[in-house]
Amino acid sequence: MVWTAYLQFISKDYFKKLISKPIIMPLQKLSVAKENDLSRRKFIKQAVLAGSAFTIIPRFVLGGNGFIAPSDTLYVAGIGVGGKGTVDMMGISKNPKSKIAFLCDVDDRQAVKSKENFPSAKYYKDFRVMLDKEVKNIDAVSVSTADHTHAVAAMAAMQRGKHVYVQKPLTHDIYEARMLTEAAKKYKVVTQMGNQFASADYVRTTKEWVDAGLIGDVTNVLTWSNRPVWPQGVPAPSGQHEIPKELDWDLWLGPAKEIEYNPAYHPFNWRGWWSFGTGALGDMACHIMDPAFRILPIDYPSEVECSTTTAWSDFFKVADYKESCPASSIIHMKFPRTDGKGNITLTWMDGGLLPKRPEELLPDEVMGGGDLGNGYIFEGTKGKLMGNYNWGPVLLPTSRMKEVTFPKQSISRIPGAEAGHYTEWVDACIAGYGKKELSSPFEYAGPFTEAVLMGNLAIRSYSMRTENGFTGRKKLLWDAKNMKITNFDEANAFVKREYRTGWSL
Amino acid sequence: MTSRRDFIKKAGLVAGAVTIVPRYVLGGKGFVAPSDKIYVAGIGVGGKGESDIAMFAKSGKADISFLCDVDDRRAANTVKNFPKAKYYKDYRKMLDENHKSIDAVSVSTPDHMHAIQAMAAMELGKHVYVQKPLTHDIHEARMLTEAAKKYKVVTQMGNQGASGDGVRQMREWYEAGLIGDVHTVYCWTNRPVWPQGIPWSDKKTEIPKELDWNLWLGTAPAKDYVEKIVPFNWRGWWDYGTGALGDMACHIIEPPFRVLGLGYPTEVECSVGSVYVDEFKRGYFPDSCPPSSHVIMTYTGKAGKPNVKFHWMDGGIQPERPEELGPNEMMGDGGNGVIMVGTKGKMMCSTYGINPQLLPTSRTKEVSVPQTYKRVTGGADGHYAQWVEACIAGYGKSELSSSFDLAGPLTEGLLMGNLAIRSYDIRKPRAGGRPDQFDYPGRFIKLLWDGPNMKITNFDDANQFVKREYRTGW
């Protein structure tokens, strides 16, 4: 929903004008039904005949080490199937090798569309019940819930040996990201985070240019987003609201602390509240920082600092809206290069704020390459480049685009580009763990998400009031290995949050 | 002093009534004043005006003779403190009736009235002390700067930190080459410390009987009186105030301006913290200054020095911490500060140029640079007395920390930030779009400024913010 709503917000025609290629890919052309499909169908048909009742036989029963599956259909269960979940179910189903077999949502209203799209899929409200009951009938799980439930839902699936596709950001807190990353290895499941632009062409082009040395060694990265495009830095909602009968509020809360239902949280605006969402960073950083993480030799940051726009409740009165993510923020992080050759710095700005325009950009050239308000700039020892996830990249000054010899394409493109992100995962699930490369497996997406969430840790530390004032307003030093801020212990409260009783990872 | 008093006494005896004879009657070229006192009229004497008047009086050489305020409640304290001063509500009337009895005028009104009041006084040959920011728009700042020369009056803007020791210390460090050539400056403030990016109040209410709302509006567009707009809230509304930049920039950008000798910017770009009123629904409150802003200006380097990138951040956002600053060390004063980045080092200070430090801060104690700039007696507090003394000495006779030839370009610089902020918010219906769809042509670009001609050359819509229209009759 986020994406579609955003398209409406900026108008489709206008959006199309801004990008060099249409964003809607002809999906049906991407995956052509193969013979194997037929054999699987045949197999099922036989199984049905034999058992005299339709039993779904998932891949994992048939598969196994070295075992060549008689079918290549992947039985998928969706957890959280409204909004972005609706889009994800459709995206996954475009690969004819997948079958959307189960749907789960805590809100029947949110599930309506997906149910219409997949009438034969069995519907559950509680993912725990679904996973328990259908454990033998599910190959893979897609998680598109609110951020606070990503980790518990994904972990439950992985523990049962299911491949997982998890919407971005991978998790709500740093600890969860570390745990999911380890679980992917431990349970040998195929994983993908839903930052679909990780499968787009632009980031591969950017990598080819950087690898070819067109801008020298990258020393600094600037990233920015116009998110939040909803109110943040606002007081927590109040007032009593009747829980819609279609919604199981207790299940929606999941691991989050008990709080009264309010339409300000669900279905969309959970993003702006720390108990459930991860703010602007959670919404967009997994797209916008992706080139930096994918291309540069960095993983965990060593330092982070931030500042945010202050919310004022009255004259001279700083508001204490601790539940709400800030209206805008600036994050600076430092990453030791994994090759030991110094550091790379990265800046993130959101809420309308922009980094300084590169000198090389002409006055009337639009920063970010469209007025979408999102973008990234790599600053290297020999030049700069700029782009965003649906435009560019371009070298700066843009006149360089006519002057340089670009490297030949050396990195293969994902068929269908960003839309192929789903297909890629389905194919990899069918091929089995370790058999196929993915654009955003957890071994990549986990550390990446940790860095994104490190920005939120800094924001929340910055807002923290103690009797001595705002003591978290300094540079925070991060011991990544031990997941610990070493110079402001209060910040460590944001590494791992407490789950509500009855919920665990 | 006695002779002056005697003179007045005699004059009084002669005329049979005490008539104040101001300095300018007695003064003139080469004329040594028989007294060392000036007769001061205050326009806007509540709040900051109240403390300004008190400070002039404290110099011992200023006679607070006239007070003017459109709001009797605001004037009450000052009227009580200076019972002999004659009180007016309309500064125009005060100047008309008493211009022969006034040497100098202090202006501490809301920003939208600074220029017109200061200009009226200068045209009458009065020295002026004007609260910061000097003016509300760029054109006014240029006009006042020129008027100071034309009328040969002693001028001072009320950014008292300009008289502090800190800025002089930093000039000495800089000129001793301790940080090389500065190419980047970061200034930031925690202002606004009140809500901005909000809709205009619809709470119309009765105008308090002590307030002449029409006079308060002055040059600003006619509008109904709303709750809480006076005495303080006007700062956050473009019709009257100048936002965070207007409130604090004169105090914060003074050190880099003075240290680097900056003139007019050549380029400006900005972004502001956005306001959303609903999911995907942007708030559009063009009357209100923004909740936060990031402005970057380019100044041409002086005499072969590099160009200077001048960053301004407000509303809580701050520049990146310098590498040289320890992780637990405070940047600036926490909420406000200045960092100047040079080719060989960095220096940092807080508002008013206080607490100047070289970075790393340990370096501050290691260096010793001879004092080449005379300190102002009393430091920042001496800013008032400095002006009083200069008025007594006469135009061109003594140096001032923030005379309009310095304060004018500085004010233009910060108002250029506001021009960029307001240009950023210009919206136009999207061609072929739905009624709720807009384009913001002033965003994501850089504005080019022709300083001498006061014109943005690549986005004409921005020029509406160079000079605003006054209400009919002003």
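Angles here run from 0 to 180 degrees between N-to-C directions, with axes fitted to C-alpha atoms. The model is predicted.

**Sheet and helices of chain B**

Helix α10 (residues 243-252) of chain B lies across β7 (182-188), β12 and β13 (337-342) of chain B. Its direction is at about 130° to β12(B). Helix α14 (residues 404-424) of chain B also packs on the sheet. α14 of chain B touches β8, β11, β12 and β18 (447-450) of chain B, and makes about 50° with the direction of β8(B).

The sheet is open and has 9 strands. Their order in chain B is β15-β14-β13-β7-β12-β11-β8-β18-β19, and the pairing is mixed. β15 (357-359) and β19 (455-456) of chain B are the edge strands, each pairing on one side only. Inside this order, β11(B) and strand β12 (residues 308-314) of chain B run antiparallel and are joined by 7 bridges. B:Ile296 faces B:His311 of β12(B).

**Domains of chain B**

Chain B splits into domain 1 (2-162) and domain 2 (164-200 + 244-374 + 404-465). The centres of the two domains, taken over C-alpha atoms, are 32 Å apart. Domain 1 of chain B gives 18 residues to the contact, and domain 2 of chain B gives 21 residues. On the domain 1 side, α7 (138-150) and β6 (155-157) of chain B each supply at least two residues. α7(B) provides the largest share of that side, 7 residues.

**Contact between the chains**

Chain B places 38 residues in contact with 40 residues of chain A. On the chain B side, the elements giving two or more residues are β8 (265-272), β9 (276-278) and β11 (293-299) of chain B. Strands β8 and β11 of chain B are also in the order of the 9-stranded sheet.

**A helix pair in chain A**

Helix α5 (residues 84-93) of chain A packs on helix α6 (residues 108-117) of chain A at an angle of about 15°. Their axes are 9 Å apart. α5(A) and α6(A) are therefore roughly parallel, since angles under 35 degrees count as such. The crossing of α5(A) past α6(A) is right-handed. α5(A) contributes A:Gly85, A:Thr86, A:Met89 and A:Met90 to the contact, and α6(A) contributes A:Lys113, A:Ser114 and A:Asn117.

**Residue classes of the contacts**

| Contact | Nonpolar | Polar | Charged |
|---|---|---|---|
| α5(A) with α6(A) | 2 residues | 4 residues | 1 residue |

Terms used:
Residues are numbered from 1 along each chain as its sequence is written. Chains are lettered from A and ligands numbered from 1 in the order in which they are written. This is a predicted model: local features need pLDDT of at least 70, side-chain atom pairs count only at pLDDT 80 or more; totals for chains, interfaces and linings use all residues. Helices (H or I, at least four residues) and strands (E, at least two) are DSSP runs, numbered from the N terminus. Angles under 35 degrees count as roughly parallel, over 145 as roughly antiparallel, 65 to 115 as roughly perpendicular and the rest as oblique. A crossing is left-handed if the near helix is turned anticlockwise from the far one by less than a right angle, and right-handed if clockwise. Two residues are in contact if their C-beta atoms, placed from the backbone, lie within 7 Å. Ala, Val, Leu, Ile, Met, Phe, Trp, Tyr, Cys and Pro count as nonpolar, Asp, Glu, Lys and Arg as charged, and the others, Gly among them, as polar. Domain bounds come from an automatic or database domain assignment. Two strands pair if DSSP finds at least two bridges between them.
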